[in-house]
Amino acid sequence: MLKVGDQLPEFESINQDGETVKSSDFAGKKLVVFFYPKANTPGCTAEACDLNDNFSQLKKEGYQLLGVSADPVKAQKKFHEKFGFQYPLLADENKEVIEKFGVWQLKKFMGREFMGIVRTTFIFDEKGICTHVIEKVKTKEAAKQILETV
């Protein structure tokens with residue numbers, strides 16, 4: 001998994017509208033990249049909505065936001081439209097971005113093991129250097145956790 005001090009990986013993926021988003025689009029900007037397991041599930045909805053509710057405050061601190069999961073474009077679009085998110089969601093079906101950040105890992109749930117996305121938030125400065133990694137994301141307090149790093 002990426003750690004503090006690491007450079008923002010180069011990536012290219014498509015958002016909920018089928019538009020290409022590249023890591024280079026965020027050059028010179030502070031960036032929050034949050035990874036969530038699945039669109040429209042209770043925890044992921046709580047996290048994404050909390051970030052959306054606090055979007056103006058995050059923006060005031062200079063942050064750009066980017067949500068990423070392995071959901072297809074159609075699912076991301078539905079999720080995005082349903083809640084009116086003010087930031088893009090990447091549909092990383094081939095898991096290229098997910099793997100570059102190291103969040104595709106073995107998970108345990110109800111006694112079974114499987115590979116999946118570990119809910120994680122990465123914060124990058126204007127130089128593309130990772131300044132914080134939030135591994136224990138509190139879905140209803142995701143924005144607060146980010147703002148506490150300011």
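Trainee: Which residues is leucine 51 in contact with, leaving aside its neighbours within four places in sequence?

Mentor: Leucine 51 is in contact with Phe34, Leu58, Leu65, Tyr87, Ala142, Ala143 and Ile146, where contact means heavy atoms within 4.5 Å. This is a predicted model, in which local features need pLDDT of at least 70 and side-chain atom pairs count only at pLDDT 80 or more, while totals for chains, interfaces and linings use all residues. Residues are numbered from 1 along each chain as its sequence is written, and side-chain values use heavy atoms, with hydrogens and water left out.

Trainee: What makes cysteine 44 count as buried?

Mentor: Buried means under 20% relative accessible area, exposed over 50%, and partly exposed in between (1.4 Å probe, protein chains only). Cysteine 44 has a relative accessible area of 2%, so it is buried. Cysteine 130, at 2% relative accessibility, also counts as buried.

Trainee: How do you know that cysteine 44 is in no disulfide?

Mentor: A disulfide is a pair of cysteine sulfur atoms within 2.5 Å. The structure holds zero disulfides. For cysteine 44, the nearest cysteine sulfur is that of cysteine 49, 11 Å away.

Trainee: How do you know that the span of H1 agrees with its twelve residues?

Mentor: Helices (H or I, at least four residues) and strands (E, at least two) are DSSP runs, numbered from the N terminus. The expected span of a helix is 1.5 Å times one less than its number of residues. For H1 that should be 16 Å, and its end C-alpha atoms are 16 Å apart, so the two agree. Buried residues of H1 include Cys44, Ala48 and Leu51; the buried residues of this helix pack against E3, H2, E4, H3, strand E8 (120-124) and H5.

Trainee: Why are the buried residues of H3 said to line one face of the helix?

Mentor: In H3 (residues 73-83), Gln76, Phe79 and His80 are buried. Seen down the axis, the buried residues of H3 fall within an arc of 95 degrees, so they line one face; the arc is that of the directions from the helix axis to the C-beta atoms. The face turned away from that buried side carries the exposed residues Lys74, Lys78, Glu81 and Lys82. Helix H1 (42-53), strand E4 (63-69) and strand E5 (89-91) are among what covers the buried residues of H3.

Trainee: What makes a set of residues a nonpolar core?

Mentor: Its members are buried Ala, Val, Leu, Ile, Met, Phe, Trp, Tyr and Cys residues joined through side-chain atoms within 4.5 Å. The largest such core has 23 residues, and Leu51, Leu58, Leu65, Tyr87 and Ile146 have the most contacts inside it. Apart from it lies another core, of 19 residues, among them Leu8, Phe101, Ile117 and Phe124.
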